[in-house]
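Student: Could we go through this one together? I have the sequence and the coordinates open.
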Amino acid sequence: MPPHDLRRWLTEKVADHLRMPPADIDPAVKLRTYGMESIHAITLCVDIEETLGLLVDPTLAYDHPTIDALTAHLSELLPPPQTNTPRPLPTGTP
Amino acid sequence: MSDFVSHMRNHLSDDRELVFVRDNGETTRLTFAELDRRARAGAVWLTERGMTDHPALLLYPAGLDFTVAFLACLYARVPAIPAPLPETGTSHSGRVRTLLDDAGARMVLTDSAHVTALSDLSACVIDTGSDPDTWTPPVLSADTIAYLQYTSGSTSEPRGVEISHGNLLHNLELFRALSGAEPPRRLAGWLPHYHDMGLVGLQLQALYLGADLVFMSPIAFVARPVRWLQLITRYGADWTVSPDFGYAWCTRRITDEQLAELDLSTLTMALSGAEPIKAATFTDFERRFAPAGFRPTTWNPGYGLAECTLMVTCTPRGQGVTVRSFDPSALERHQAIPDPDGVPLVACGPALGLDLRIVSPENSTPVPDGGIGEIWVSGPSVALGYRGRPEETRATFRAGDGHWLRTGDLGFLLDGRLYVTGRIKDVIIVNGRNLYPQDLEEAAARANLTAGRSAAFGVRRPDGGEHVVLIQEVRRGHSGALGETADQVMDAVAREFGIPLSLMLVPRGAVRQTTSGKLRRRHMRELFLGGGLTPLHTELEPAVNTLLATVP
């Protein structure tokens, strides 16, 4: 998942858990400000495990407390995105 | 029979079992006969170590090892102290030491997976390799302490409730009586074993009844709440217990696909307690899970507290929920006046086998019918007292003519049923978890050593949930420094307790105390809600902001 998709996906998930519109979440503001609590933090870990296939620590949302910080951290853990551009054929093949 | 050990050992068989379902779905099982064998061997080991009558602290993850160790303690007349397993790398070990000192505990028991992490506490793994047939039953009476239930883990005011064998048997019998002529056969749940409802309402109730118990960890439940209802489905459970939060969490999180696989038709008792019960939680759950066979008559709302072992009142099987509505402004004046358009309150059932009294908190005289007052309880389930705290014990357990327990909760009786309306004690309840203001204040003090006194209390949000507010004294400073202080305190409390927090920074001297130096938390709460505080800086949760805006 490219970083901007990851950011949007995280924002939508968190907004759904906190029952607020995604547009109201500032990616630079700590999620606890919006009422994030441990049950939401654990649920977000489950989302990450199920959708991204990453096993993360339950303290994730406290170690990386904003959408920006979560995006940066998870981007590092995810394998680099596959490019869909077809590799040019080597020249000179028969 | 006056002790739990003799009673339980009457039900031993190979066809009753405890089943623990791990987070990955694997199960571990123990028949009652095998559990008894291991508990006897463990008791021999404890007795050889001279532990008789000396408390032992039990720090275990969710699972069968806890149950074996707990029973081994009872079999050896070692008062057991169930407590949460400290997370590695946190400041919890200070609290564990406070518990050890307060209880005079001599030994810390844990499982083999955690013994190294707890080596600074000299924790050991209970050895069940001894010959169980060398066990001799200890002399136990109704007054013998079975275990200590700590209601506060704070370093300033830890309070361990001493539960005797007589208390335990009486309360377990009250539970059994709820189910009528046909006792439950299979219990299912996820509540932690260090929580009074998880320990008494699930683990010990199963052993008392001679019923199967299928259980899972609280974290696994929070992560995937459908797993709880899958346990009920797969094992055909007929009894479960949870705080209100657990039922609401299922309604909120379980998907249509998951719902289609569930069968809750075997369930005949779903107990709800340990926190304020919302009528909407029941109706929402019923609507959502009716297709899975859940019946509205399954609910058993109740009320209780650790100081009364667990249960004070509860709705018997098959009666369903009684909801009555009351005039909200009259409730504020401590009067219960029925009003069809008013606030719905869930009845927590009658007191069966215990005496109940509603008493004016000001002058300790009984209030007339329809009046709201403090709930007082008397009877054999009321615990012996707080360990090593004669003054607190006298104040809480020996009220009135000397044999009444002051619960610190407010309520009223109507048609013989108890309605709980509020609280005069300081505890705050979030998602069924008791939070003590002292613990929150200590965490805030650790986060910012230059800050002054603080006072924590709970406020009820418009959605009915409780929310923590902390009033923190600071030195006056520029707004940047105040913002930084607020951030430090909120980060620390959010991380340690996993709850959102509203914070107000106030000048030194603004947090009021009594002349004897006791914090006036309730007074601070009134000042906060009434706009009577002059903040230097505030960080309020949006829902709390609306609460303040509605104050006239």
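Student: What average pLDDT does chain B have?
Tutor: This is a predicted model, and chain B averages a pLDDT of 92, with 97% of the residues scoring at least 70. The model as a whole scores ipTM 0.84 and pTM 0.91.

Student: And the contact, how many residues does it take from chain A and from chain B?
Tutor: Chain A contributes 11 residues to the contact and chain B contributes 12 residues. On the side of chain A that touches chain B, helix α2 (residues 38–52) gives the most, with six residues. By residue class, that side of chain A divides into six nonpolar, three polar and two charged.

Student: Switching to the sheets in chain B: in what order do the strands β24, β25, β26 and β27 come?
Tutor: They form an open sheet of four strands in the order β24-β25-β26-β27 (chain B), and the pairing is mixed.

Student: Why is one side of β24 and of β27 left without a neighbour in that sheet?
Tutor: Because β24 (454–460) and β27 (537–539) of chain B stand at the edges and have a single partner strand each, one side of each has no neighbour in the sheet.

Student: How many bridges join β24(B) to β25?
Tutor: Seven bridges join β24(B) to strand β25 (residues 466–474) of chain B, and the two run antiparallel. Within that pairing, V459(B) stands opposite H467(B), which belongs to β25(B).

Student: Which helix lies across β24 and β25?
Tutor: That is helix α14 (residues 437–447) of chain B, which runs at about 130 degrees to β24(B). Helix α16 (residues 521–529) of chain B also packs on the sheet, where it touches β24, β25 and β26 (501–507) of chain B, and its direction makes about 60 degrees with that of β24(B).

Student: Now the sheet with β17 in it: parallel, antiparallel or mixed pairing?
Tutor: The pairing there is antiparallel, in an open sheet of four strands ordered β17-β18-β20-β21 (chain B). Its edge strands are β17 (355–359) and β21 (417–423) of chain B, each of which pairs on one side only. Neighbouring strands of this sheet are turned by 50 degrees against each other on average, again with direction ignored.

Student: Last one: which residue is the bridge partner of G411(B) in β21(B)?
Tutor: The partner is V420(B). Strand β20 (residues 405–414) of chain B and β21(B) run antiparallel and are joined by six bridges.

Key
Residues numbered from 1 in each chain as written. Chains lettered and ligands numbered in written order. Predicted model: local features only at pLDDT ≥ 70, side-chain atom pairs only at ≥ 80, totals over all residues. pLDDT = per-residue confidence, 0-100. Contact = placed C-beta atoms within 7 Å. Nonpolar A, V, L, I, M, F, W, Y, C, P; charged D, E, K, R; others polar. Pairing = 2+ DSSP bridges. Axes fitted to C-alpha atoms, helices over the stretch in contact; angles between N-to-C directions.
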